[in-house]
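Let's look together at how two protein chains meet, and then at one of them by itself. Here is the model to keep in view as you read.

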Amino acid sequence: MKQKLFISFFSCSVCMLGYGQDTLKTLKEVKVSTMEVLRMKTLDLGAQTLTREQILLKQPQDVGAILQSFSGITLKSYGGLGGLKTISVRGLGSQHTGYVVDGFTVSNAQTGQVNLGQVQADNVEAISLSVGSKNGYLLPASAYSGGSLVSISTFENRFSEEPFQVRFASKVGSFGQMDNYFGLKFNRAKVFGSVFGKYRQASGNYAYSLQNGNQLYEGTRINNDLKDWYTGASLGFAFKNDKRLRIMYKTNGANQGLPGAVILYNSTANQRLTTQNHTVNTDFSGIRKKLSYRFMGTYNYDLLHYTDPSFLNNTGGISTSYTNQSYQLGSSFQRTIFSNFNLFGGIESRYNTLLFSTANSATPRRLHSFALAGCTWSRPQWTSEVQLSAQQVIEENNAGERAPNRLKFLPFVSIEKEEFGDWDWKAKAWYRHSFRMPSFNELYYNGIGNVKLKPEEADQFSAGFSAKPLRKKWKMEIVVNGFANRVTNQILAIPTKNLFVWSMQNIGRVNTLGYEERIKISKSIGPNWMMDATGNYTYQHSIDVSNPNSPSYKNQVAYIPLHTGNIDLSLMRKTTGVNFSTTLSSLRYSLMENVVANQVNGFAIFDISLFTKISLPKENNLRIQFSVKNIFNSSYAYIRYFVMPGRNYLITLNYAIH
Amino acid sequence: MRSIKFLILLLVVVACKKKTKPPAPVTDTNLKNGMIVLCEGLFQQNNAALSWVDFSTGSSSNTFFTDKASRLLGDTGNDMKVYGGKIYIIVNVSSTIEVMEKATGNSIKQISMMNGSVAKQPRFITFHGSNAFITCYDGYVDVLDTASLTITQRIQVGANPEGLTISNSKLYVANSGGLNAPNVDSTVSVINLQNLQEVTKITVGKNPGDIETDSQGDVYVIARGNYSNIPSRMVKINAQTDQVVTTFPFDAGGIEPMGDNFLISYYNNSTSVSNIALFDAVAETMTNASFIGNAQFTTLYGVQYRPSNQKIYCFDAMNYTNTGYVRIFSSSGTYESSYHVGLNPKKIIFYE
């Protein structure tokens, strides 16, 4: 029993940490040898993972900044702490990426996407991005069937071995940034409990310059301030027969200015956003002979209040609020049938409601149900996986027309071969069909929404190869993937009525041919020195194939760069080191038509940081890091006229017990 | 050693990154045989532009303003007119008026249209005597002295005024109230041009937009309705009595005078059909309800008549996010040629 508990604990935490890919296999492999798992899993073709130590090196302001160092990603950042940040993976829109935190789905039916600028990174123990097979253990059924999945494991909501743990992070940075996180957790044989909280603020008033014709336009970002906070508590109980129960409550709030695009000659900006959120998560899991299972439930309340006092209407501006609520219930299971054949699956139901505060608004409600069944079959060196997901969406609207109900079947197949020897290597090919529902805003927003919108469909093919040459003094890993994706019924906004009133239409078709490469090298230099280097490169030829008669036919899709990459290099002597980090992007177009007037310049941004770790008695660890970001003070933007900050500084202090 | 090499590599990359831009061609020669096209651009993209089309070579360049002024025009170019040898460009979201010399296209002045910290958001311009009148979305008509190029007065009108026209020594201003949708305005403000005071408001129908004066001094305004069950209609105002005389029973989006006639343009958003009708403004009857039909356009965005060669210049916005075209027709409505210009073409100034 003890042995099994350990295995389940280990497999759970390993998977949650993101090493796991095919969860069933992980269970099996853990029984064989934990080292073997780690060795194999680092060769993963589909998933990319960063753990706490690696994340600390980057000192990211939020989860968006961590995900940027993965390949296959296009980050869109509107600038500023807490500002909107989204990612698109392999040329699919941002709404094709699912998010799971500690095994619970995070979603927003109103916008259909998660603002990564408001998902903070201090509590993250591991984060992974997976395409193809989804990375995680007994995930909600919905997590398996999306285009890609970001899975985050936090310090706050896990069983750990250490009896008492503390995490403290304090940051002081440019543009008035002050930021404090505190988390405390105790663990006993049958129970764990944690409390945590964070407060951050920033004025965000950074100077910028941008090219205005042949002149340099200089300004300071205004109305870019932020105050936000969160707090919560988590409790977990372990029972006989490997049963576990977890309950977590978290609340957060934010009050921020929305600076908007830089408008030449008009520097006014008065829009503000306040948000308030409450989340309750609970799950119950267990292992019984060859069956492992999990039941989960989530309630989420989200209030968003938007004001624009300078809007020129008769009531002296806009003041609107949006109340989103979601209820989720689900269960997932895995069962080993034969030693080389596993079944897994689950069901999930998600009920979303949205209330607009404005008169004559829609009151959309949606019941989205998921069912998933899959199996993996392993032979020596070969593994194959098949999944089928069925999804049903039922829509209601008390005030006006409703969107039609939808029923979809989504297949996934993959095949993989691996060999271990002087050169460990692995090859994998997979196909997935997925879709994303139009968001409530896209369907029902006053004057803009279109209830006739169909879901946006995506097909992904991918084939890749990874290798790990075994060397004594240095370690190296290479992953290469090629992919061909197609998005149909793409939802695009186009102006209707006049240029200020846009509406949503299923008019887009996008084909993407891409390639990504990841290289990781580690080398010990003498007894005290250690060098780590990682490089990622992504090529995405993502073209608009909506209409052969359009001038933008076969042009590169707006805001998808042809080339992106990043290089990280760290050099460490014992516990002190330096880290260089670069982010590269080729030019992009702000609109579909690939003409000079639409070009947004490419950029190369360089960060450097110095850090030292001090180990104190009783597993007390102190870490101090000084970072200079954008050291060459480049002016750049992800989105045209949403300028990013120039050179800026950040001092971080991390303190941890265990 | 490796890190040093790496640093050197970084520096090389940075050094190579900066592109030097070629200096702008500065020409003070008088412009001739061509046209300047104001291209509205798209909201929050700062890509309003002027296209220069050279009729002798057929070439067009979308960087005319930047070539002349060494800077960008700004966000959302909404109106452009010539008066007293100067070009006035109304840049809505940037909240500026750009004044240029007509003969050369050289920049004379940028007038900032701010009211304290609030952008006035100017929309359209018209002229009378030594004054220019500019509708501002904050509910005023600004009076600009065309000699000193300064704002001398603000006249309060209705909400979110759009078009404006002059007849019988009075200024007629279409109050759209568009930012109060669905509770839009329905009135036209009448301003006495002697004392610059609002005299009355005439109720014409929901969401007034374009407004023009015919050759006999009658005022016609488009009440754009609510884009669903209330259609967009042309309404005639008698400028002697300031009363609504007629509401015409056909779809109308914009009015362009052509001698004694009107070219009435209409783009149906739900069917994506473009149409230009020919209306006799003297007899007040429809001459040809489908004078220039849908086959000639992707998205009709406006029309302008050039009296000197009696040709009709139509704006095709394509899908609004791709660069547009100016399509030229004879006075009998026969298609002749097209010029490729910038994003969302809106107004033309012609050079003989």
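Where the two chains meet, chain A contributes 45 residues and chain B contributes 62 residues to the contact, where contact means heavy atoms within 4.5 Å. This is a predicted model, in which local features need pLDDT of at least 70 and side-chain atom pairs count only at pLDDT 80 or more, while totals for chains, interfaces and linings use all residues. Residues are numbered from 1 along each chain as its sequence is written, chains are lettered from A in the order in which they are written, and side-chain values use heavy atoms, with hydrogens and water left out.

**The interface**
- Chain A and chain B bury about 4,400 Å² between them, with 63% of it on carbon and sulfur atoms; buried area is the accessible area (1.4 Å probe) that two parts lose on being put together, summed over both.

**Chain B**
- Chain B contains two helices and 30 strands, which are DSSP runs (H or I, at least four residues, for helices; E, at least two, for strands), numbered from the N terminus.
- The C-alpha trace of chain B spans about 85 × 50 × 45 Å along its principal axes.
- Of the 352 residues in chain B, 56% are buried, meaning under 20% relative accessible area (1.4 Å probe, protein chains only).
- Among contacts in chain B with a separation of 6 or more, 41% are between residues 24 or more positions apart.

Note on methods:
Buried means under 20% relative accessible area, exposed over 50%, partly exposed in between (1.4 Å probe, protein chains only).
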